[in-house]
Amino acid sequence: MAKETAKVTKRATKTDDAQKKKRTKKDPSAPKRGLSAYMFFSQDQRTTVKDENPEATFGQIGKLLGEKWKNMSDEEKKPYVKKAEADKKRYEDEKAAQS
């Protein structure tokens, strides 16, 4: 005789949806967050990589930039790290001034 098995599925219920918090709107007057060292590098090198690979898509350019960043030494990354630290300080100063 075959054994009956009840299939248990997990589904969102109305109470689950009501329990989720809604995301608050971002304050338009809030200061912009500081960029990372990689983002400064990316902004600086994107046109160069695009010129070297004109057929590359946006995603492929991102991958190429990522590879280039990964292969850089700490000494080569230093100027971008300094920019990121300065931008982080700017953000923290603006945030403190807003409060």
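## Aromatic cluster

Tyr38, Phe41, Trp69 and Tyr80 are joined into a cluster by ring pairs. Two rings of Phe, Tyr or Trp (its six-membered ring) pair if their centres lie within 6.5 Å. Five aromatic pairs are counted by this rule.

This is a predicted model, in which local features need pLDDT of at least 70, side-chain atom pairs count only at pLDDT 80 or more, and totals for chains, interfaces and linings use all residues. Residues are numbered from 1 along each chain as its sequence is written, and side-chain values use heavy atoms, with hydrogens and water left out.

## Tyrosine 38 and tryptophan 69

The ring centres of tyrosine 38 and tryptophan 69 are 5.8 Å apart and the planes stand at 75°, so this pair is edge-to-face (planes over 60 degrees apart; under 30 is stacked and the rest tilted). Because tyrosine 38 lies in helix H2 (residues 37-52) and tryptophan 69 in helix H3 (residues 58-70), the pair ties together parts 31 residues apart in sequence. Helices here are DSSP runs (H or I, at least four residues), numbered from the N terminus.

Tyrosine 38 is partly exposed, at 26% relative accessibility; tryptophan 69 is buried, at 15%. Buried means under 20% relative accessible area, exposed over 50%, and partly exposed in between (1.4 Å probe, protein chains only).

## Phenylalanine 41 and tryptophan 69

With ring centres 5.2 Å apart and planes at 45°, phenylalanine 41 and tryptophan 69 form a tilted pair. Phenylalanine 41 in helix H2 and tryptophan 69 in helix H3 are 28 residues apart, so the pair links distant parts of the chain. Phenylalanine 41 has 2% relative accessibility and counts as buried.

How values were computed: Helix = DSSP H or I, 4+ residues; strand = E, 2+ residues; numbered from the N terminus.
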